[in-house]
Amino acid sequence: MRIPRFFCSSLDASQKTMILPETVHRHAVQVLRLRVGAEIRLFDGDGLEFEAILTVADRKRSEVELGQQLHNNAESPLNITLLQGISRGERMDFAIQKAVELGVTKIVPVITERCNVQLKSDRAEKRHLHWQGIMTSACEQSGRAFLPVLGDIVDLHAAMNKTNDSLRLVLDPQAQNSFKDLQQTSQLTLLIGPEGGLSDEEIDAAINNGFTAVQFGPRILRTETASTAALAVVQSLWGDLA
């Protein structure tokens with residue numbers, strides 16, 4: 001039986017017992033209906049992870065006894081920054097969720113020419129918090145002890161100017177290069193367009209900023225499929241997907 005894992009930023013290695021945060025309590029006791037004696041795991045997103053036993057499971061509060069500290073090796077040796085063009089609703093959620101499951105190190109939501117999502121002030125903040133929740137849940141599910149960084153929402157040119165990885169890739173159906181033509185690397189930046197893709201001008205701008213255009217076979221992929229497939233390929237080539 002799979003042991004439930006929960007993100008807990010207040011996890012402290014010096015403690016023997018702790019009261020679970022309200023969000024963790026609701027998920028563990030009210031949603032999963034765990035009871036006293038249940039085994040769980042807690043991680044803080046910075047690599048600290050412990051086994052724990054639920055010792056109190058009341059309607060309004062729950063408490064655990066911390067057990068053995070775990071040494072999690074679920075992180076990929078490949079450092080990947082994903083510049084993800086912002087898409088509508090579930091497509092963006094899917095892209096972020098799968099990117100975390102596939103071991104991405106950082107995700108930057110990027111506003112592009114064909115971005116059809118209006119994100120201003122309060123709405124942008126709410127979406128950012130929503131995406132952070134998607135990432136946290138994906139870490140809980142996939143066994144990762146480190147929570148990837150979620151960058152600020154920025155426009156494409158700002159995103160490109162902030163990356164200095166030696167290998168920077170942009171997907172382009174018209175490109176001559178494929179992934180098998182690339183040299184091995186330990187870190188890279190991957191730029192994926194939104195629904196509707198990147199414009200020719202944006203691809204040219206990326207190339208002028210040091211990105212290498214790569215094509216991904218004869219079929220045109222949806223944005224959420226493209227990011228997931230590309231991450232799986234680079235992890236297979238240079239990461240930890242055998």
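Q: How much space lies in the largest pocket?
A: About 450 Å³. This is a predicted model, so the value is computed from predicted coordinates.

Q: Which residues are closest to its centre?
A: Leu171, Pro173, Gly197, Ile220 and Leu221, out of the 24 residues that line the largest pocket.

Q: And which elements give two or more residues to that lining?
A: Helices α5 (200-208) and α6 do.

Q: Switching to aromatics. How many aromatic pairs does the structure hold?
A: Two. One of them is Phe179 with Phe216: the ring centres are 5.4 Å apart and the planes are at 70 degrees.

Q: Stacked or edge-to-face?
A: Edge-to-face, because the 70 degrees between the planes is over the cut-off of 60.

Q: Where do Phe179 and Phe216 sit in the chain?
A: Phe179 is in the loop between β10 (167-171) and β11 (187-192). Phe216 is in the loop between β12 (212-214) and α6 (223-238).

Q: Which residues does Ser178 touch?
A: Val214 and Gln215, leaving out residues up to four places away in sequence.

Q: Now helix α1. Which of its residues are buried?
A: In α1, residues 22-31, the buried ones are Val24, His25, Ala28 and Val29.

Q: Why do they end up on the same side of α1?
A: Because the arc they cover around the axis is only 100 degrees.

Q: What covers them?
A: The cover includes strands β1 (5-7), β4 (49-57) and β5 (62-69).

Q: And which exposed residues are on the face turned away from the buried side?
A: Thr23 and Val31.

Q: What happens just after α1?
A: Arg33 takes a positive phi there, about 60 degrees.

Q: Last one, another arginine. What does the charged end of Arg5 sit over?
A: The ring of Phe43, with the charged end of Arg5 at 4.3 Å from the ring centre.

Technical notes: Residues numbered from 1 in each chain as written. Predicted model: local features only at pLDDT ≥ 70, side-chain atom pairs only at ≥ 80, totals over all residues. Heavy atoms only, no water. Buried < 20%, exposed > 50% of the residue type's maximum accessible area, 1.4 Å probe, protein only. Helix = DSSP H or I, 4+ residues; strand = E, 2+ residues; numbered from the N terminus. Arc of directions from axis to C-beta. Contact = heavy atoms within 4.5 Å. Phe/Tyr/Trp six-rings, centres within 6.5 Å; stacked < 30°, edge-to-face > 60°. Lys NZ or Arg CZ within 6 Å of the ring centre and 35° of its normal. 1 Å grid on protein atoms, 1.4 Å probe; cavity = no way out; pocket = protein on both sides within 12 Å on 5 of 7 lines; lining within 4 Å. Points joined across faces, edges and corners; volume = space filled by probe spheres on them.
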